[in-house]
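Welcome! Here is a short briefing to read alongside the sequence and the 3D view.

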Amino acid sequence: MKNLFLICCCFAIVSAFAQDSKQATMEKRARDLHRIMGLNDKEQWKKFMKENYTKSLLERPVKSSVKTTEKETASSTNTASTADNLEEKLKNFERLHNDFGKSKIVSLKPVNDKIEMILENTSGNKGNFSITFENSKPYLIDGIRVEIEQR
């Protein structure tokens with residue numbers, strides 16, 4: 001009976017440590033994304049993507065939507081998808097750099113296999129980042145969704 005209790009305790013400790021390790025890795029990747037976004041160096045952006053994105057994300061076509069809603073006008077959506085996925089991802093990263101390269105992290109919290117990160121730039125605009133990760137080690141980034149709230 002003591003052995004069973006000891007085994008259960010060890011399993012609980014290992015599970016808790018593994019979860020903390022996963023969460024710490026996800027938070028580190030999110031903070032690194034923010035740090036790299038602040039650099040004005042496309043080679044560093046590309047290196048970050050190759051080291052921190054899943055193969056699936058790197059190969060997936062880029063889809064970006066821009067929705068604008070002004071007072072009493074309709075919203076519009078534009079979607080782009082190209083064959084050169086890495087180049088298109090670099091263009092998106094450049095947009096993120098232009099919008100949030102000089103920003104601060106307002107909030108960073110784990111939610112299941114995602115990190116919800118809110119950035120605020122010097123103009124007061126906020127970027128709500130939802131970063132999804134793969135379920136197993138090394139917990140690479142498998143998707144990034146950004147919603148921008150303009151002041």
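A residue counts as buried under 20% relative accessible area, as exposed over 50%, and as partly exposed in between, using a 1.4 Å probe and protein chains only. What you are looking at is a predicted model, in which local features need pLDDT of at least 70 and side-chain atom pairs count only at pLDDT 80 or more, while totals for chains, interfaces and linings use all residues. Residues are numbered from 1 along each chain as its sequence is written, and side-chain values use heavy atoms, leaving out hydrogens and water.

**Overall picture**

- The protein has four helices and six strands, where helices (H or I, at least four residues) and strands (E, at least two) are DSSP runs numbered from the N terminus.
- Of the 151 residues of the protein, 30% are buried.
- The accessible surface is about 10,300 Å², and 51% of it belongs to carbon and sulfur atoms; such areas come from the Shrake-Rupley method with a 1.4 Å probe, and for residues only the protein chains shown count as cover.
- Among contacts with a separation of 6 or more, 48% are between residues 24 or more positions apart, a contact being heavy atoms within 4.5 Å.

**Salt bridges: the count**

- A salt bridge here is a side-chain nitrogen of Lys or Arg within 4 Å of a carboxyl oxygen of Asp or Glu.
- By this rule the model has nine salt bridges.

**A pair in helix α1**

- D32 and R35 are joined by a salt bridge, with 3.9 Å from N to O.
- These two residues sit three apart in helix α1 (residues 2-37), so about one helical turn separates them.
- D32 is buried at 17% relative accessible area, whereas R35 is partly exposed at 49%.

**A pair in helix α4**

- K91 and E88 form a salt bridge whose closest N and O atoms are 3.8 Å apart.
- Both belong to helix α4 (residues 85-100) and lie three residues apart, about one turn of the helix.
- K91 is partly exposed, with 45% relative accessibility, while E88 is buried at 10%.

- K114 and E116 make a salt bridge, their closest N and O atoms being 3.5 Å apart.
- Both partners are partly exposed: K114 has a relative accessible area of 30%, and E116 has 23%.
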